[in-house]
Amino acid sequence: MRKYVSDTAQLTDEYGIQIGRWKQYRDLGPLPFDAMWCVIPPGASSAEDVHPEVEFAVVTRGTAIYEAAGEKVEVPTGGVILLDPERPHVIHNPSPEVPLTILSIYWMPRTADAEGGRDPGAGRD
């Protein structure tokens, strides 16, 4: 059993916020996804980001407001947002006091070709 905490992660300035890439946890070895901590100071916002990966983001502290194509979605602590590839987005921290922390897990989407011509979501409830 291993434990990882955002408060002790090594963070760098990227996208106008602080990022702690999970590659710093060398004991994990290869994973089927990439991950990073995202820390946004009180009242701040990320730079607009767009990427080819699917992103599964869990708010671990604070409340996030995700903005994409004019739509805004509020995500509280414990909430999750799933972003499709190539979707430009900005993350806002509306709190004047509490840093926003998000665990972002991301991966390259499977294509129909990689699935043998099958839609990877077909047949799921």
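**View 1. Surroundings of Ala64 in the predicted model.** Apart from neighbours within four places in sequence, Ala64 is in contact (heavy atoms within 4.5 Å) with Val59, Val73, Glu74, Val75, Ile91, His92, Leu100 and Ile102. The model is predicted, so local features need pLDDT of at least 70 and side-chain atom pairs pLDDT 80 or more, whereas totals for chains, interfaces and linings use all residues. Residues are numbered from 1 along each chain as its sequence is written, and side-chain values use heavy atoms, without hydrogens and water.

**View 2. The nonpolar cores.** A nonpolar core is a set of buried (under 20% relative accessible area, 1.4 Å probe, protein chains only) Ala, Val, Leu, Ile, Met, Phe, Trp, Tyr and Cys residues joined through side-chain atoms within 4.5 Å. The largest one has 16 residues, and Ala64 and Tyr66 are among those with the most contacts inside it. Elements giving two or more residues to this core include strand 4 (54-61) and strand 5 (64-68); strands are DSSP runs (E, at least two residues) numbered from the N terminus. A second, separate core of 8 residues includes Leu28, Ala35, Trp37 and Ile105.

View 3. Not counting residues up to four places away in sequence, Glu67 touches Lys72, Pro88, His89, Val90 and His92. The side chains of Glu67 and His92 make a polar contact at 2.7 Å, that is, a pair of N or O atoms within 3.5 Å, one able to donate a hydrogen and the other to accept it; residues adjacent in sequence count only if both atoms are side-chain atoms.

Methods:
Buried < 20%, exposed > 50% of the residue type's maximum accessible area, 1.4 Å probe, protein only. Helix = DSSP H or I, 4+ residues; strand = E, 2+ residues; numbered from the N terminus.
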